[in-house]
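The sequence and structure come first.

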Amino acid sequence: MTTDPETGSLTTHDAEDDARNRDIRIYVNGEIVHRDDAKVSVYDSGFMLGDGMWEGLRLYDGHWAFFDDHMDRFFNSCKAVSLDVGMDRAGILDALTRTAAANGMTTDVHCRLMLTRGVKVKPFQHPSLSRSGPTLVIIMEHSKPADGLAARGIRLATVPQVRGLPNSQDAKFNSHSKLNCVIACLQAEQAGADEGLMLDPHGFVNTTNACNFFIVRRGEVWTSSGDYCMNGVTRAKVIDLCRDNGIPVFEKNYSLYEAYGADEAFLTGTFGAQTPVAEIDGKPIGSGDRPVMARIRDLYKDLIRQDIAAQAVRAAGPA
Ligand SMILES: Cc1ncc(COP(=O)(O)O)c(C=O)c1O
C-alpha cells in the first residue's frame, strides 16, 4: 500500500515504490509465472473460506532471516488445522530458492508464502471437499520499508475490535482469514489513524492489527502477556535481545493508562523490523526521542547479520 496523498496515512507495510515489482514472477504449485498469469481457482479453499496459513519472510544476502523460526510456526499452524503441507521444510526452502532465482533476487526482498487446503469439489465449507491437495503460492517483492515511517512514526487509534480468545480463532494462527485484523484496520482508518491498537477481551493493551506492540517506561520494555497476539518471530527476538543485553523486559498486562504515558512505543514485524509509534488516540508518545528502541534496532540488525552469516556457513557445508 502506498502513502495516501490526501490523508498522509502510512501503514507499517509501506515500502518504497519499486518498478521491478510490476514484472515479478510468482510460484504457484511448482510453476513460476509472471504475476499477470499467477492464478488460483475460485474454488480454492483460501479464496472461498480463508482456509490457509501464511508466513512473511525477509531475504538478506541470499538467505531467509530466522528461517527455522518461521518454519516452526508455519508447520505448527498447519498441523493444528490438519493442513498437510505436502513437503518438508527443505522442500519449502527449495521452492523459495527457485522463486528468488527466477526473480534474480538476493536482498531487500519480502516474501509472502501461502498455503491453502486446495481446490474444493463444491462451494461449501467442509474440509473434506478440498481434494486437490494443497495450493502453495509464493509472492516475492523487492521491498525496503519506507523512510517516512522511521522519521514520522505511526499513528495508532484504539479500536473497538478486540483480539479473540484462543478457543474462538486463536490469534497465533497466521491464517489467510485476517478479517478480525482487517476490521480493526478499517476502524483505525475511520478514526484518522494509520493502524489499529487492539485490546484483549479484558481491556488490556494487546497488539496492533498487523504487528506486535511494545512500550518503554523508565528504561523498561513492556509488551502484552502474549496470550492474545500473534506469536511474532520479531517479537520473540526483541524479547530475547533485551534479556541478553541487560534491558529489563516484561510480558505483562497493562492498560491504555500506561501506554499513553509511555516514554516510547514501537511495533515489531518481519516487514518493518521495529517501527516507532508517534501517537496513540491523538496523544503524542514521549518526547519523540527513542533511545531504547534505537538500541534494540541496532541489536536486531546485528542479530540478522549473525543469523545470515550462520546460514551461509551451513549452506557452504564442511570445509
Ligand atoms: C497480527 C500480526 N501481528 C504480528 C505480526 C508480526 O509477526 P512477525 O514478527 O513474525 O512477522 C504479524 C505478521 O504476520 C501479524 O499478522
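## Ligand shell

A residue is taken as near a molecule if its C-beta atom, placed from the backbone, lies within 6 Å of that molecule. The model is predicted. Around the ligand there are 15 residues, of which Met-230, Gly-232, Val-233, Thr-234 and Thr-270 come nearest.

By class, the shell holds five nonpolar residues, nine polar residues and one charged residue. Helix α7 and strand β13 (264-269) each supply at least two residues of this shell. The most comes from α7, which gives three residues.

## Overall fold

The protein chain contains nine helices and 15 strands. Its C-alpha atoms fill a box of roughly 55 × 55 × 40 Å along the principal axes. For 319 residues, a compact globule would have a radius of gyration near 20 Å, and the value for the protein chain is 20 Å, so the two agree.

Of the 319 residues, 40% count as buried. Among contacts with a separation of 6 or more, 70% are between residues 24 or more positions apart.

## Helix α2

Helix α2 covers residues 67-80, 14 residues in total. At 1.5 Å a residue these should span 20 Å, and the end C-alpha atoms are 20 Å apart, which agrees.

Which residues of α2 are buried? They are Phe-67, His-70, Met-71, Arg-73, Phe-74 and Ser-77. Seen down the axis of α2, these buried residues fall within an arc of 165°, so they line one face of the helix. What covers them includes β3 (52-60), β4 (63-64), α3 (89-103) and α7 (233-244). On the other side of α2, Asp-68, Lys-79 and Ala-80 are exposed. Just after the helix, Ser-82 takes a positive phi of about 50°.

Is Asp-94 buried or exposed? Asp-94 has 12 C-beta neighbours inside 10 Å, so it counts as exposed.

How values were computed. Residues are numbered from 1 along each chain as its sequence is written. This is a predicted model: local features need pLDDT of at least 70, side-chain atom pairs count only at pLDDT 80 or more; totals for chains, interfaces and linings use all residues. Helices (H or I, at least four residues) and strands (E, at least two) are DSSP runs, numbered from the N terminus. The expected span of a helix is 1.5 Å times one less than its number of residues. A residue is buried if 20 or more other C-beta atoms lie within 10 Å of its own, exposed if 12 or fewer, and partly exposed in between; C-beta atoms are placed from the backbone. The arc is that of the directions from the helix axis to the C-beta atoms. Two residues are in contact if their C-beta atoms, placed from the backbone, lie within 7 Å. The radius of gyration is taken over C-alpha atoms; the globule rule is 2.2 Å times the number of residues to the power 0.38. Ala, Val, Leu, Ile, Met, Phe, Trp, Tyr, Cys and Pro count as nonpolar, Asp, Glu, Lys and Arg as charged, and the others, Gly among them, as polar.
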